[in-house]
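User: I would like to learn how to read the strands, pairing and contacts of a protein model. Please take me through one case.

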Amino acid sequence: TTQENAEFAVITPDNYDAGTLTYKVVWTAASGTGGVAWDLQGTSLADDDAIDTAWGTAVTVTDTFIVANDTHITAESAALTLGNTPAAGERVQFRIARQVAHASDTLTADAKLIGMRIEYGINAYSQ
């Protein structure tokens with residue numbers, strides 16, 4: 001019943017095209033029925049950028065609980081735009097949250113985040 005979130009950072013590769021991202025969430029739960037809603041948002045931080053730079057708009061994905069302690073994988077999200085002005089080689093700070101107030105979040109147990117897949121565009125292949 002309480003919204004919780006986690007933050008993590010990645011450094012974008014030198015061939016990142018600075019465009020939008022999409023993601024999938026891998027999760028599980030020990031029991032319950034219903035579904036979950038996950039929000040992801042991010043901001044890109046270059047050298048000398050303030051750490052408290054505004055986040056991009058959160059994008060939500062939802063998924064339905066299937067079986068206790070099984071792997072659950074959401075559908076791919078809509079396009080996610082990072083806050084600030086992203087560029088290749090920069091640190092991107094992400095924040096993921098379970099949106100317990102979302103109409104599709106009806107799971108009656110804790111949802112456990114296992115991992116994520118984030119996809120992004122590239123300008124060229126690295127060698």
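This is a predicted model: local features need pLDDT of at least 70, side-chain atom pairs count only at pLDDT 80 or more; totals for chains, interfaces and linings use all residues.

Analyst: Residues are numbered from 1 along each chain as its sequence is written, and side-chain values use heavy atoms, with hydrogens and water left out.

User: How many helices and strands are there in the protein chain?

Analyst: Helices (H or I, at least four residues) and strands (E, at least two) are DSSP runs, numbered from the N terminus. Here the protein chain has 0 helices and 7 strands, giving the pattern β-β-β-β-β-β-β along the sequence. The C-alpha trace spans about 45 × 30 × 20 Å along its principal axes.

User: What is the strand order in the open sheet of 3 strands?

Analyst: Strands of a sheet pair through backbone hydrogen bonds, either parallel or antiparallel. Two strands count as paired if DSSP finds at least two bridges between them. In this open sheet the order is S5-S2-S7, with antiparallel pairing. Strand S5 (72–73) and strand S7 (112–122) are the edge strands, each pairing on one side only. S2 (residues 16–28) and S5 are joined by 2 bridges, and Val26 stands opposite Ile73 in S5.

User: Which residues form the covered face of S4, and which the uncovered one?

Analyst: In a regular strand the side chains alternate between the two faces of the sheet. For S4, Val59, Val61 and Asp63 form the covered face, while Thr60, Thr62 and Thr64 form the uncovered one. S4 runs antiparallel to S3, with 6 bridges joining them. Asp39 stands opposite Thr60 in S4.

User: Where is Thr53 found, and which residues is Thr53 in contact with beyond its neighbours within four places in sequence?

Analyst: Thr53 is in the loop between strand S3 (35–45) and strand S4 (59–64). Contact means heavy atoms within 4.5 Å. Leaving aside neighbours within four places in sequence, Thr53 is in contact with Thr43, Leu45 and Asn84. A polar atom of the Thr53 side chain also lies 2.5 Å from the backbone oxygen of Ala50.

User: What share of the contacts with a separation of 6 or more comes from residues 24 or more positions apart?

Analyst: In the protein chain that share is 82%.

User: What percentage of the 127 residues is buried?

Analyst: Buried means under 20% relative accessible area (1.4 Å probe, protein chains only). Buried residues make up 36% of the 127 residues in the protein chain.

Note on methods: A polar contact is a pair of N or O atoms within 3.5 Å; within protein, one must be able to donate a hydrogen and the other to accept it, and residues adjacent in sequence count only if both atoms are side-chain atoms. Buried means under 20% relative accessible area, exposed over 50%, partly exposed in between (1.4 Å probe, protein chains only).
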